[in-house]
Amino acid sequence: MRAALLTSHGLDGLSVVDDLDRPVPAAGEVLVRVQTVGVNQLDLNVIAGLGPGAAARLPRVLGLDPAGVIEAVGSGVSPARVGEAVVVKPNIPCGSCAACAAAREADCAAQTVVGVHREGGAAEYVAVPAASAFARGRLAPELATAAVHSLPIVINALDTIGLVAGERVLVTGAGGTLGQAAVDYARHLGAEVTAASRRPIEAADGVRRLMATDAAALASALEATGAPGFDVVLDVSGHAALLGAGIAALAWGGRAVFCAASIDSRLEIDAREFYLRRKRLHGVASADLEQVRRALELVQHGEVTVHVGSRHPLDEIATAYRDFAVAPPGKVIIDVA
């Protein structure tokens with residue numbers, strides 16, 4: 001079986017091999033014949049052995065979000081699922097804690113991640129729990145891969161802070177895959193959206209665009225607009241300093257939510273201003289199963305658009321990781337099949 005196997009930290013430790021055994025689905029699992037998988041910041045953390053990626057034990061097959069077709073099932077799974085087109089949610093809840101019992105799988109403290117704690121989907125086959133393999137209907141595999149991780153996290157973030165139509169929303173990190181999903185979903189909910197990014201981006205009609213290479217530039221750009229404070233800030237940039245600038249731009253009672261801290265994690269805020277102006281801050285790192293289903297339905301019905309950027313064959317996955325930071329906007333896709 002061909003797979004992107006990381007044997008040591010650094011891109012030099014990554015190889016595509018053809019002698020791995022095809023996995024066998026355990027009880028409650030399905031075997032997916034993979035068509036596409038995405039490139040994610042977490043993959044880079046695994047390669048570097050940093051942050052949440054340090055939890056991976058090498059050698060490890062990479063790849064968080066594979067889409068494909070179920071080839072076989074383990075005991076306890078209906079044989080009728082064989083042949084079903086699916087996409088895999090990378091965060092796998094334990095299924096037995098209080099959060100899982102309450103259908104709040106995103107808050108499961110024992111969740112594991114495909115491609116980090118278990119073998120990933122940058123391979124011809126991957127075995128995953130059946131509950132984590134979601135039917136994708138006629139949704140193309142690359143679009144399912146682009147949607148399954150990013151959009152559900154955004155949905156969870158905006159569910160968490162209770163965004164309502166008409167509110168003013170600032171999205172920082174809007175040029176990335178998560179940021180594009182955040183802009184599109186906030187517009188879908190009827191928000192007035194300002195999109196801030198480090199590089200020029202295309203945005204839908206009615207979205208205000210700001211260029212901000214760092215926190216100081218963002219603060220200056222916001223001041224230059226003369227706009228009132230924001231009701232909501234959604235930061236997906238991975239830069240804590242940008243999150244801090246966004247929090248400073250919140251109006252009275254404003255809510256901030258962030259979904260990444262992969263670049264820098266030290267957050268500085270004016271604590272007095274924060275509590276006197278009744279601001280709130282939330283962190284979101286995953287999604288509930290229901291939110292994954294909702295995300296896939298939104299994309300299938302054309303209500304929210306997901307964006308595909310560059311595409312690479314499996315043999316060129318190291319190039320895709322190397323060029324990730326400068327890739328064109330949209331989800332970077334690895335074509336496995």
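**Figure 1. Helix α7 (residues 240–248) is mostly covered.** In this predicted model, 7 of the 9 residues of α7 are buried, where buried means under 20% relative accessible area, exposed means over 50%, and partly exposed lies in between (1.4 Å probe, protein chains only). Helices (H or I, at least four residues) and strands (E, at least two) are DSSP runs, numbered from the N terminus. The buried residues of α7 are A240, L242, L243, G244, A245, G246 and I247. Their packing partners are the strands β11 (168–172), β14 (230–235), β15 (250–258) and β16 (280–283), together with the helices α6 (215–225) and α8 (271–276). Contact here means heavy atoms within 4.5 Å.

Residues are numbered from 1 along each chain as its sequence is written. Because the model is predicted, local features need pLDDT of at least 70 and side-chain atom pairs count only at pLDDT 80 or more, while totals for chains, interfaces and linings use all residues; side-chain values use heavy atoms, with hydrogens and water left out.

**Figure 2. F274 has its place in helix α8.** F274 is buried, with a relative accessible area of 17%. Leaving aside residues up to four places away in sequence, F274 touches I247, I269, K279, R280 and L281. I247 is also among the buried residues of α7. The C-alpha atoms of F274 and A146 are 35 Å apart, and the two residues are separated by 128 residues along the chain.

**Figure 3. Helix α1 (residues 41–48) has buried residues that pack against strands and a helix.** L42, D43, N45, V46 and I47 are buried in α1. These residues pack against β1 (3–6), β3 (29–38), β8 (112–113) and α10 (317–322). After α1 comes G49, which has a positive phi, near 70°.

**Figure 4. The axes of helices α3 (residues 141–148) and α4 (residues 150–161) cross at roughly 35°.** The two axes come within 4 Å; axes are lines fitted to C-alpha atoms, for helices over the stretch in contact, and angles run from 0 to 180 degrees between N-to-C directions. On the α3 side the contact is made by A146, A147 and V148, and on the α4 side by S150, L151 and P152. By class, this contact has 5 nonpolar, 1 polar and no charged residues. Ala, Val, Leu, Ile, Met, Phe, Trp, Tyr, Cys and Pro count as nonpolar, Asp, Glu, Lys and Arg as charged, and the others, Gly among them, as polar.

**Figure 5. E142 lies in helix α3.** E142 is buried, at a relative accessible area of 18%. Not counting residues up to four places away in sequence, E142 touches T36, V308, R311 and I333.

**Figure 6. The whole structure has 2 cavities of 30 Å³ or more.** On a 1 Å grid over the protein atoms alone, a cavity is a set of points where a 1.4 Å probe fits but cannot get out, and a pocket is an open set with protein on both sides within 12 Å along at least five of seven lines; lining residues have an atom within 4 Å of a point. Grid points are joined across faces, edges and corners, and a volume is the space filled by probe spheres set on the points. The largest cavity holds about 60 Å³ and is lined by A146, S150, T177, Q180, A181, T305, V306 and H307. Helix α5 (residues 177–188) gives the largest share of this lining, 3 residues. The lining has 3 nonpolar, 5 polar and no charged residues. The second largest cavity has a volume of about 40 Å³. Its lining consists of K89, P90, N91, V148, H149, P152, I153, S286, A287 and V292, of which 6 are nonpolar, 3 polar and 1 charged.

**Figure 7. The second largest pocket has a volume of about 190 Å³.** Of the 15 residues that line this pocket, M1, P23, V61, E119 and Y125 lie nearest its centre. Strand β9 (residues 125–129) gives the most to the lining, with 3 residues. By class, the lining has 9 nonpolar, 1 polar and 5 charged residues.

**Figure 8. The structure holds 0 disulfides.** A disulfide is a pair of cysteine sulfur atoms within 2.5 Å. For C94, the closest cysteine sulfur is that of C108, at 3.6 Å, too far for a bond. For C100, the closest cysteine sulfur is in C97, also 3.6 Å away and too far for a bond. C94 counts as partly exposed because its relative accessibility is 34%, whereas C100, at 11%, counts as buried.
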